[in-house]
Amino acid sequence: MPLRADLEGESLQSFRMSGVEWDVLKKSNRRVLLKMPCCGERAIAKTSRLGTQYFSHYRKSESCDFEPESKEHLLLKEVVAVAASQSGWEVITEGRGESSDGQQWRADVLCKKNKAFVALEVQLSKQNLEEFKVRQDRYKRSAVRAAWFVGKSQFHHSKPSPSKDLPIFYVDWESGCTNPQVIDFEMPLADFVKALLSGMISWKDEPEEYKVLFLKDTCWKCGNPVNLPYGYSIGVYGDNIKTVPHCDAILSEIRKIVGNDFLRENGVNTIHSHPRLKGNAPNFPNCCVCIHCGTPEANCYLYEKYVASCKCGYANSGSATKIIGRCEGRWEVEL
Ligand SMILES: [Zn+2]
Ligand SMILES: [Zn+2]
């Protein structure tokens, strides 16, 4: 239900009206002239059980496509509209627009400042991720930025990763709650909207770092210092050699992800296949090779040195880090 109605060509926003003004409107003779913004049918001023002032169809209109909204939806929409208005944006609830290819939309709270438009949507009923994307894309084609405030159980177990292109924020509103909180930010919704519209909430990309772990050693053949790769870590995940045959899998994985050029540039022994080398497990041929003289280090020695290193608390170990991509990133507040 809208927070807006037309009265003789004037747009009334219910959230701007005091309780006294609202009561006066309800009793005024002019009330019969109130018109719904969705279909132009007669509107009636009401107050929800959560205390939100709103307009409703006087009679159910056959031609109107406006879906009924819950009292919680109305309340959150009002909180968002008031906060946006207090941030110095021009606010119109149930604001309409059209995309460049002629598709119509209606935003819960449409905010305007100079040439910038932001649509703030409250979505408590279930909507699948595809529909979020379709609607977000329609806003994009209308040069409108959009953000979504959804109930905390909107996606159940399949909560999508945070996304720069689809800003979804979770609200803990609980029935009757008058101070809804934005989960993950531990901020009241009103403060969050103000921060968002003041540019204090921004997207932070997070680089995905792949660390190659190595042991510092000297080449048994040429005597030069070498670094023997034995494992890797990425984010909170990591793995390292666990048996002599397992060295093959770990080393192949490292070579596949960062490549031998990266290893060489970082002074780490490169990784090659030596199927007939004594000391490699049969059928597990990949081992590391001295970057100075090209002599392979058999996996039985690598594993032995690794076990010794564990015992001395990895005192002789090091790592080389390669940025291999971008994680999903996240939204951050800078107050
Ligand atoms: Zn209508
Ligand atoms: Zn060497």
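1. K46 counts as partly exposed, because 15 C-beta neighbours lie inside 10 Å, a number that falls between the 12 or fewer of an exposed residue and the 20 or more of a buried one. The model in which this residue is described is a predicted one, and the values in the points below should be read with that in mind. K46 belongs to strand β4, which covers residues 43-47, and, once its neighbours within four places in sequence are left aside, K46 is in contact with Y54 and S56.

2. The C-alpha trace as a whole spans about 100 × 40 × 35 Å along its principal axes. The radius of gyration of the chain is 31 Å, whereas a compact globule of 335 residues would have one near 20 Å.

3. In secondary structure, the chain has six helices and 21 strands. Of its 335 residues, 33% are buried. When contacts between residues at least 6 apart in sequence are considered, 55% of them join residues at least 24 apart.

4. Apart from neighbours within four places in sequence, L34 is in contact with A5, L7, R42, A43, I44, A45 and F55. L34 and D6 are 5.7 Å apart in space, C-alpha to C-alpha, although 28 residues apart in sequence.

5. The pairing of helices α2 and α4 deserves a point of its own. Helix α2 (residues 71-86) and helix α4 (residues 189-197) have axes that come within 8 Å and cross at roughly 45 degrees, and the angle therefore makes α2 oblique to α4. The crossing of these two helices is right-handed. On the α2 side the contact is made by L76, V79, V80, V82, A83, A84 and Q86, and on the α4 side by L189, A190, V193, K194 and L197. Sorted by class, the residues in this contact of α2 with α4 are ten nonpolar, one polar and one charged.

6. E8 has a phi near 50 degrees, which is a positive value in a residue other than glycine, and its place is in the loop between β1 (4-7) and β2 (10-13). E8 is exposed, because 9 other C-beta atoms lie within 10 Å, and 12 or fewer is the limit for that class.

7. The other glutamate is E94, which likewise is not a glycine and yet has a positive phi, of about 50 degrees. E94 is found in strand β6 (residues 90-98), whereas E8 sits in a loop. With 22 C-beta neighbours inside 10 Å, E94 therefore counts as buried.

Technical notes
Residues are numbered from 1 along each chain as its sequence is written. Chains are lettered from A and ligands numbered from 1 in the order in which they are written. This is a predicted model: local features need pLDDT of at least 70, side-chain atom pairs count only at pLDDT 80 or more; totals for chains, interfaces and linings use all residues. Helices (H or I, at least four residues) and strands (E, at least two) are DSSP runs, numbered from the N terminus. The radius of gyration is taken over C-alpha atoms; the globule rule is 2.2 Å times the number of residues to the power 0.38. Two residues are in contact if their C-beta atoms, placed from the backbone, lie within 7 Å. Axes are lines fitted to C-alpha atoms, for helices over the stretch in contact, and angles run from 0 to 180 degrees between N-to-C directions. Angles under 35 degrees count as roughly parallel, over 145 as roughly antiparallel, 65 to 115 as roughly perpendicular and the rest as oblique. A crossing is left-handed if the near helix is turned anticlockwise from the far one by less than a right angle, and right-handed if clockwise. Ala, Val, Leu, Ile, Met, Phe, Trp, Tyr, Cys and Pro count as nonpolar, Asp, Glu, Lys and Arg as charged, and the others, Gly among them, as polar.
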